[in-house]
Amino acid sequence: MAEIPKRTLITMMNALSSGVVPRRGLEYIAVGRRRETETFVSDLEDTAEGGGAFRFISGRYGNGKSFMIQMVRNYAMDRGFAVMDADLAINRRLTGSKGEGLNTYRELVRNLAVKARPDGGAMELVLQNWLYPIIDSCGKDPEAVAKEVRSATAGMSGMTFYRDFTTAVIAYAGDLIAERDDSPAIRWLKGEYDRKSDVRSHLGMSTLIGDSNWYDVVKLWSALVVCAGYRGMVVFLDEAVVLYKLQNRASRSNNYERLLTMFNDIMQGKSSHLSVYVCGTPEFITDPDRGLYSYEALRSRLVSGRFENGYDNYQGPVINLRPLTTEEVFVLLRTLRGMHEQRYGYESGITDEMLETYLRTVTATIGGRDMVTPREITRDFISLLDTLHQNPQARFSDMVEGRRVDADRNPDDDLIDDLEI
């Protein structure tokens, strides 16, 4: 297998052995998902042209949703896009009575990433790389800089909150000129202000970023990064099952209504250079009592067409991640074996025949290939390799053949059942 940089290899092995999707190096272990990937690549091309996409990625726990969006995230950055991502949680939703929507916005902005800073925290870098050339060309004259910023962003002038957003950007340019470390403009752009009086005092405006308008600000960011030389913005919202788990019907409906607003906005072309991907379990989408299908306006948009007849549609609003084939899982196991050997500089002695035996054992004891998720098989196989490497007296046949493997309990069961708000 191809030589993997040492730092990337160590990071990947640590993450995979813990059942976590690594941020880097996913291209080394990617198998299958060709048609899904083609869809995402097409979406990015549309986004670069000024359009966008809104898709739900559906798959059961451990079946590769987080892996898929991380792959798309890395691919997008490599090709000149800015990305934002956030895992939804009890206190991070689309809307709520205690600032849950604002918390999601703060997480998205905190995780703003570009190729030069792929791990997030790129907001100030993006602004500075755009503003410093303007500042230099204007001879550090604040008024000239303000005029140039307004001219450069004139195409955004019809967007909601454009004036306030641009005021904050111009104020930040002034802070850069004055070499001011503590920038009120950055605090506003990060959604850190809680009182209008403070915003009025510090920036001369009264708009606060909050639950009701954070998506409008994300749209402004998507337009601004294009001004800054990027091809567009891609936003990822993972763990949307949190919305499905809300016991309060009104709270669920409010969040689903916000999803509908975002969906309609993008699909009707009311936004520019922006794509959004939302990941959840099949129940989150299709459950008629609590899922997206319980909200009729969403159900009518997401339900499969009458003539699909069981075939997969990778151009629709919902992409269903199917289980990997046996051949794809086998390729994954071979890759993991090579990575482990490279990581520790040894020969494992695990043959392809042993890999086949391991795969047969796992699928037979858990209940079939469709019950084995990439996360489970990756974590368990690395654990097996770790054990064999640390215990030379241990034999593969004794550890694998004839052993009972228990399927993971769905961690969704650990979520608090009554997320009241």
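A salt bridge here is a side-chain nitrogen of Lys or Arg within 4 Å of a carboxyl oxygen of Asp or Glu. Welcome to this predicted model, in which local features need pLDDT of at least 70 and side-chain atom pairs count only at pLDDT 80 or more, while totals for chains, interfaces and linings use all residues. Residues are numbered from 1 along each chain as its sequence is written, and side-chain values use heavy atoms, with hydrogens and water left out.

**View 1. A salt bridge joins arginine 106 and aspartate 194.**
The side chains meet at 3.4 Å, N to O. Arginine 106 lies in helix 4 (residues 100-110), and aspartate 194 sits in the loop between helix 8 (184-189) and helix 9 (196-203), so the pair ties together parts that are 88 residues apart in sequence. Helices are DSSP runs of H or I with at least four residues, strands are runs of E with at least two, and both are numbered from the N terminus. Arginine 106 is partly exposed at 28% relative accessibility, whereas aspartate 194 is exposed at 60%. For these words, buried means under 20% relative accessible area, exposed over 50%, and partly exposed in between (1.4 Å probe, protein chains only).

**View 2. Glutamate 100 and arginine 93 form a buried pair.**
Here the salt bridge spans 3.8 Å, N to O. Glutamate 100 has a relative accessible area of 4%, and arginine 93 has 1%.

**View 3. Aspartate 175 meets arginine 180 in a salt bridge.**
The N to O distance is 2.0 Å in this model. Which partner is buried? Aspartate 175 is, at 5% relative accessibility; arginine 180 counts as partly exposed, at 44%.

The structure as a whole holds 13 salt bridges.

**View 4. Tyrosine 256 is a buried residue of helix 12.**
This helix covers residues 249-267, and tyrosine 256 has a relative accessibility of 1%. What does tyrosine 256 touch, not counting residues up to four places away in sequence? The list is Leu243, Tyr244, Phe284, Arg290, Gly291, Leu292, Ser294, Tyr295 and Leu298, where contact means heavy atoms within 4.5 Å. For one of these, leucine 292, the C-alpha atom is 6.8 Å from that of tyrosine 256, although the two residues are 36 apart along the chain.

**View 5. Threonine 8 sits in helix 1.**
Helix 1 runs over residues 6-17. Threonine 8 is buried, with a relative accessible area of 16%. Leaving aside neighbours within four places in sequence, threonine 8 is in contact with Arg24 and Gly25.

Along the principal axes, the C-alpha atoms fill a box of roughly 75 × 50 × 40 Å. Of the 421 residues, 51% count as buried. Residues 24 or more positions apart account for 72% of the contacts with a separation of 6 or more.
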